[in-house]
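Here is a report for a reader new to this structure. It takes up a few residues, the pairs they form and the spaces between them.

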Amino acid sequence: MNILVVNWTWYPSGGDWTYVESIVDLYQQKGHRVIPFSMKDDRNFETPYAAYFIENIDYKKINQRSITAGIKVITKSIYSTEAQKKLERLLSTVKIDFAHINVIHHYITPTILKILKGRNIPIIWTLHEYTPICPESTFISHDDICERCIGGAFYNCVTHSCKKGSYLASTVAALENYVHRYLDYYAFVDHFICPSVFVYNKFKQFNFHTNKLVQLYHGYDYTEIGAAKQKSKLTGERYIVFVGRLEKIKGAHTVLNAIKCCPGINLKIIGTGTQEMALKEFKEKYKLSNVTFEGKKSKKDTLQIINEAEFLICASEWYEVLGFTVVEAMALGKPVIGSAIGAIPEMVIHNSTGLLFEPGDYKQLATLIEELYNNALQIEKMGKNAQLHINTLIDTEKHFEGLQKLIPGL
């Protein structure tokens, strides 16, 4: 089959790309041909279909342009005629048997769904974030969980300036959701794949095409996990690790506050983000010599660091859709101390595969870190449970079997 895989980037860009890369490899292993549709970028992997990609949209540069240019870009982010035209050209060149949509809001936009449906192409959409039901995309408003837009009341995003704390950005985000709700191009999708039970229940709670929601855990290629396990430890150093974007919703600040209470435990932080400078200043202020900022690392190096750690901390404060960092740590046989939010409790089973704490509660987190770090037998036992649980939950063949039920002939 010829499968159109659509995503806003065609290069490593986060958890959504981890899945996209995995599903592309899976389709190809099963003998299918993948045709990508994305946005132009110098970081993209090479593909003969790059000529059909839409022009790059860089929101960081909008403020540096004229007001007219900014309005043009914003309009394009809501309803992209370019994406429709480029996709029409592609579909006139290659026969597509079905389309697999991933992250497209703000860039490619749901307007392409009409083009696909016009050619009777079956469509499945893996939900990596919450944009269809939350204009801000993460259910976070001024650092707190917010569900005020339930029932399609997207104006709340404007009145509370949820998007980046900006009235203008929030107005654009709300307008985007109202336009897409009115046009209802989502109705053209045959199945929406929810990567976790939490995501399934949340979209169902918001009454979003409930008859088309399907809960199906991601698959994962564990090849690199096996390679990381085979490497011997470089040092005898004991430490714990945090991996993720250094943003408020990922909880790095909570981890630092907790480790401040655990002076005898070394912490390695992998990742970069807008809070990096503030976190480093926090480290200097409290003289946290037990904290090391590793910066951005390759996947290979990241897995190696996790493999040599005692356990991983996932301190997210938003509704995690799934969390591949947790998947990778558990696959490496590491317990995870995770916040009890989103899909994390589906992987981190308290007192079995790891420990759970209330999001943002650094004192509780500090207590759990101390208890687990000082219990080698518990670390070993939970690590084994974690590996067994995640290998059962996140399984490529199970994922493909689930897709086969949705797409006849796959």
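## Terms and model

A residue is called buried under 20% relative accessible area, exposed over 50%, and partly exposed in between, using a 1.4 Å probe and protein chains only. The model is predicted, so local features need pLDDT of at least 70 and side-chain atom pairs count only at pLDDT 80 or more, while totals for chains, interfaces and linings use all residues. Residues are numbered from 1 along each chain as its sequence is written, and side-chain values use heavy atoms, with hydrogens and water left out.

## Salt bridges

Side chains of opposite charge can pair when their charged atoms come close. A salt bridge here is a side-chain nitrogen of Lys or Arg within 4 Å of a carboxyl oxygen of Asp or Glu. The whole structure holds 17 of them. One joins the side chains of D41 and R43, at 2.9 Å from N to O. R43 has a relative accessible area of 54%, so R43 is exposed.

Another salt bridge pairs R119 with E88, at 3.0 Å from N to O. R119 sits in the loop between helix 4 (112–118) and strand 4 (123–126), and E88 sits in helix 3 (residues 81–93), so the pair ties together parts 31 residues apart in sequence. Helices (H or I, at least four residues) and strands (E, at least two) are DSSP runs, numbered from the N terminus. R119 is partly exposed because its relative accessible area is 36%. E88 is also partly exposed, at 32%.

E380 and K384 form a salt bridge too, with their closest N and O atoms 3.5 Å apart. Both residues lie in helix 15 (residues 376–393). They are four residues apart, about one turn of the helix. E380 has a relative accessible area of 44%, so E380 is partly exposed. K384 reaches 56% and therefore counts as exposed. Elsewhere, salt bridges link E224, K299 and E328 in a network.

Where does H100 lie? H100 is part of strand 3 (residues 98–101). Its relative accessibility is 0%, so H100 counts as buried. Leaving out residues up to four places away in sequence, H100 touches L4, V5, V6, Y19, I23, Y27, I124 and T126. Contact means heavy atoms within 4.5 Å.

L312 belongs to strand 12 (residues 312–314). With a relative accessible area of 0%, L312 is buried. Beyond four places in sequence, its contacts are V241, V243, I306, T325, A329, P335, V336 and I337. K334 is 22 residues from L312 along the chain, and their C-alpha atoms are separated by 6.9 Å.

## Cavity and pocket

Rolling a probe the size of a water molecule over the atoms shows where empty space is left. On a 1 Å grid over the protein atoms alone, a cavity is a set of points where a 1.4 Å probe fits but cannot get out; a pocket is an open set with protein on both sides within 12 Å along at least five of seven lines; lining residues have an atom within 4 Å of a point. Grid points are joined across faces, edges and corners, and a volume is the space filled by probe spheres set on the points.

The search finds one cavity of 30 Å³ or more. The largest cavity holds about 70 Å³. Its lining includes C134, C146, C149, C157 and C162. By class, this lining has eight nonpolar, one polar and three charged residues. Ala, Val, Leu, Ile, Met, Phe, Trp, Tyr, Cys and Pro count as nonpolar, Asp, Glu, Lys and Arg as charged, and the others, Gly among them, as polar.

The second largest pocket contains about 220 Å³ of space. Its lining has 16 residues, and P132, R181, F206, N207 and F208 lie nearest its centre. Eight of the lining residues are nonpolar, six polar and two charged.

## Positive phi in two loops

S161 is not a glycine, yet its phi is positive, about 50 degrees. S161 lies in the loop between helix 5 (155–159) and helix 6 (167–183). At 16% relative accessible area, S161 is buried.

D184 also has a positive phi, near 55 degrees. The loop between helix 6 and strand 7 (191–194) holds D184. D184 is partly exposed, at 32% relative accessibility.
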